[in-house]
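The sequence and the structure come first.

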Amino acid sequence: MNEEKLNLIINHAKRYGFIYKSSEIYNGIKGVYDYGPYGVEMKNNIKEYWWNYMVRYRENIVGIDTSILMNKKVWIASGHKKKFNEYFIKIKNKIYDIKKFIFLVFKHIDYKKKYRYIYNKILLLYKNKKFKLILKKLKLIIKYKKLLYLKNIKIKKINLMFNTKINSFYKDKYTYLRPETAQGIFINFKNIINSTKMKIPFGIAQIGKSFRNEIITKEFIFRTKEFEQMEMQFFIYPGEEKKWFKYWINSRLSWHYFFNLGSNNYKIKKHTNLSHYTTYATDIEFKFLNKYKELEGIHFRKNFDIKSHIKYSKKKIMIYNSKIKKKYIPYIIETSLGLDRVFYSLLCKSLINENNRIFLKLPYFISPIKVAILPLIKKDKKIIKISKYIYNNLKYKFNVIYDDKSSIGKRYHYQDSIGTPFCITIDKYSLINKTVTIRYRDNMKQIRYEIDLLYFFFKKEFDISYFFKREI
Ligand code: ATP
């Protein structure tokens, strides 16, 4: 069922120009995707929604756009070089990550009763990232319980950063493709302080590509090697972390809820499996197909990153607090969201099949195309003239499309499939009474509307400023 729905989504995304497999004509490349004409529009709408909410409408957050390539010392200081690793286990021709491997080993023994204690202990070790110890214990169990099937295993520790070579006439140098956008923010923290009027507490936000050399990519665009992140680092006074942590969890949840995908599809999960830079962390999980999985991370990074960059760069990037006349390193609350995962969450819940009618019930403000202008009689020059007039008037205000190809049924079907909320049809009555038909995507209701008032009609339909005013 799940597999079926996933295939439906993948096929729909390809057929209607949202997402294609990268390098498909060469049999593709695992875990990498391209966004098509409607995919890129939809992505831009998500970005705009995030940027407006996180940056544009707030006085205490500024944006930044940092480079993907950075001095490799950044990744030594950030801890990624040493600790951004994962263990993988190869059994015959299958590769498992540690969690899957634990389940596999315990599947073969009576862990629900006799070995429950050991099982729980191993899970605890997993939560604490004691991977080496886990592997040692699992190997012992395999030996002791004579689990022949699991005897010949190969274990590999892999750093998830992509290496990249920087050419030189003399000696080539190396760096990494960034595995998170956050570090570009930290290393520019002092630049922002010096070049803007921001004062603690304030945030720096960024949208950009990140790269992780994931061995096990899965579930379409859920886990890929190249993806986009929308991250915001909020710098605060030490001691105020609880207040801000709570604030950002609630604020981010409101942002997600506004997609109207069902608030019961979101869950807050406290992180026990902490990454090397976090002190405490919470995930906003989403029920993608039938399982809750991480959508966004809210992390309290304490002063780990800035402290580490001070140590490695030997630069003074501390803040002076005039009240207490002391220098200090601010604490950081991070909100880190995968753009592709938001995209996927929208696809999972919006692809509707109602009485054999397939349509993409995207929130209006996310739909790639807002209005389709469809002249009913292609050969009638007067109808074409009015249709073009409407198109030319609306195109500077909303993303609209003009389509006079194929039957009206097929045109409606195409617009439904790409999630266009409204279709306008222009017919011979349009010449007489200057009205057109507006068709609603979700219930196919049709109304007659005056051509001169179309702009105001759509302006109202697509306006989400009330949400920002309520939330910020
Ligand atoms: P996961 O546990 O799913 O690997 P993570 O805890 O490593 O995620 P973070 O490092 O906190 O993820 O990254 C922040 C966000 O970036 C995640 O919540 C997710 O939305 C997104 N993200 C992380 N890795 C990937 C990936 N390989 N593909 C797509 N999105 C990703």
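Helices and strands here are DSSP runs, a helix having at least four residues and a strand at least two, and both are numbered from the N terminus. The model is a predicted one. In these terms, Lys171 is found in the loop that runs between strand S7 (162–166) and strand S8 (173–177).

**Surface patches**

Lys171 belongs to a patch of positive charge on the surface, where it gathers with Lys72, Lys73, Lys81, Lys173, Lys314 and Lys315. Lys171 has a relative accessible area of 65% and is exposed, because the word applies over 50%.

Tyr429 lies in helix H15, which covers residues 428–433. With a relative accessible area of 45%, Tyr429 is partly exposed.

**Helix H11**

Which residues of H11 are buried? They are Asp305, Ile306, Ser308, His309 and Ile310. In an α-helix there are 3.6 residues a turn, so residues three or four places apart point the same way. The buried residues of H11 pack against helices H3 (73–77), H8 (182–186) and H9 (189–195), and against strands S10 (226–236), S13 (292–302) and S16 (331–338).

Tyr312 also lies in H11, which spans residues 304–313. Its relative accessibility is 42%, and Tyr312 counts as partly exposed. Beyond its neighbours within four places in sequence, Tyr312 is in contact with Ile76 and Ala77. The C-alpha atoms of Tyr312 and Lys73 are separated by 7.7 Å, although these residues are 239 residues apart along the chain. Lys73 is one of the lysines of the positive patch.

Lys314 follows H11 and has a positive phi, near 60°. Lys314 is also a member of the positive patch.

**Salt bridges**

The model has 17 salt bridges, counted where a side-chain nitrogen of Lys or Arg comes within 4 Å of a carboxyl oxygen of Asp or Glu.

| Pair | N to O distance |
|---|---|
| Arg252 and Glu296 | 2.8 Å |
| Asp305 and Arg301 | 2.9 Å |
| Glu334 and Arg301 | 2.6 Å |

What does the salt bridge between Arg252 and Glu296 tie together? The side chains of Arg252 and Glu296 meet in this bridge. Arg252 lies in helix H10 (residues 241–257) and Glu296 in strand S13, so the pair ties together parts that are 44 residues apart in sequence. Both Arg252 and Glu296 are buried.

Arg301 forms salt bridges with Asp305 and with Glu334. The relative accessible area is 0% for Arg301, which is buried, and 1% for Asp305, which is buried too. Glu334 lies in strand S16 and Arg301 in strand S13, so this pair ties together parts that are 33 residues apart in sequence. Glu334 is buried, as is Arg301. Through shared partners, salt bridges join Glu180, Arg301, Asp305 and Glu334 into one network.

Notes. Residues numbered from 1 in each chain as written. Predicted model: local features only at pLDDT ≥ 70, side-chain atom pairs only at ≥ 80, totals over all residues. Heavy atoms only, no water. Patch = residues over 30% accessible without salt bridge, like charges linked within 9 Å, V, L, I, M, F, W, Y side chains within 5 Å. Areas by Shrake-Rupley, 256 points an atom, 1.4 Å probe, with all protein chains shown as cover. Lys, Arg positive; Asp, Glu negative; His and termini not counted. Charge placed at Lys NZ, Arg CZ, Asp CG, Glu CD. Buried < 20%, exposed > 50% of the residue type's maximum accessible area, 1.4 Å probe, protein only. Contact = heavy atoms within 4.5 Å.
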